[in-house]
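The model's confidence is taken up at the end.

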Amino acid sequence: MSETPNQNHTEFSWYKPNQPESETPSQLEQVNLADLKDARGQIGKQGFTKNGVFDLLRKFGGMEIKNDASLKDILDQLRASPETLKKIQTFLKETPIEVTLLPDHTLHLDDGHHRAFIADQISMSSLPMKPKK
């Protein structure tokens with residue numbers, strides 16, 4: 001099944017088709033999470049594991065999570081804790097994901113699958129990104 005390119009992609013100031021890679025600005029831009037979703041509306045599923053999400057929430061949110069917990073229950077717990085939610089949002093806003101702009105102007109998420117998934121689950125609309133070099 002082929003995916004339809006996202007026609008609502010964001011234009012990035014760092015993207016110039018004929019620009020040498022060494023001239024790509026290092027500044028961070030925001031990427032709309034909708035631009036990273038696949039045709040089924042999912043985000044961050046490649047390389048995604050439940051334990052990877054749990055590890056991130058433990059380390060940066062201070063959450064106590066048992067490995068046999070369900071992802072849904074842990075995400076509900078995160079959403080219900082304003083203090084933990086703020087810690088995770090701060091971490092996500094300060095840690096850019098890495099993306100590649102493909103020739104068809106769709107975005108490929110190279111690094112940050114767990115972060116993008118969590119951001120989507122807690123209703124963030126964008127994340128800082130940096131282009132993959």
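In this predicted model, K37 forms a salt bridge with D120, in which the closest N and O atoms are 3.1 Å apart; a salt bridge here is a side-chain nitrogen of Lys or Arg within 4 Å of a carboxyl oxygen of Asp or Glu. K37 lies in the loop between β1 (29-32) and α1, whereas D120 lies in helix α4 (residues 113-121), so the pair ties together parts that are 83 residues apart in sequence. By this rule the count comes to seven salt bridges.

Helices (H or I, at least four residues) and strands (E, at least two) are DSSP runs, numbered from the N terminus. The axes of helix α1 (residues 50-61) and helix α2 (residues 71-79), lines fitted to C-alpha atoms over the stretch in contact, with angles from 0 to 180 degrees between N-to-C directions, come within 11 Å and cross at roughly 25°. The two helices, α1 and α2, are therefore roughly parallel to each other, a term for angles under 35 degrees. Their contact (heavy atoms within 4.5 Å) is made by K50, V53, F54 and L57 of α1 together with L71, I74 and L78 of α2.

The chain averages a pLDDT of 81, and 78% of the residues score at least 70, pLDDT being the predictor's confidence in each residue, from 0 to 100. Over residues 1-10 the pLDDT is below 50, and it stays under 50 over residues 12-26.

Residues are numbered from 1 along each chain as its sequence is written, and side-chain values use heavy atoms, with hydrogens and water left out. Local features need pLDDT of at least 70 and side-chain atom pairs count only at pLDDT 80 or more, while totals for chains, interfaces and linings use all residues.

Methods. Angles under 35 degrees count as roughly parallel, over 145 as roughly antiparallel, 65 to 115 as roughly perpendicular and the rest as oblique.
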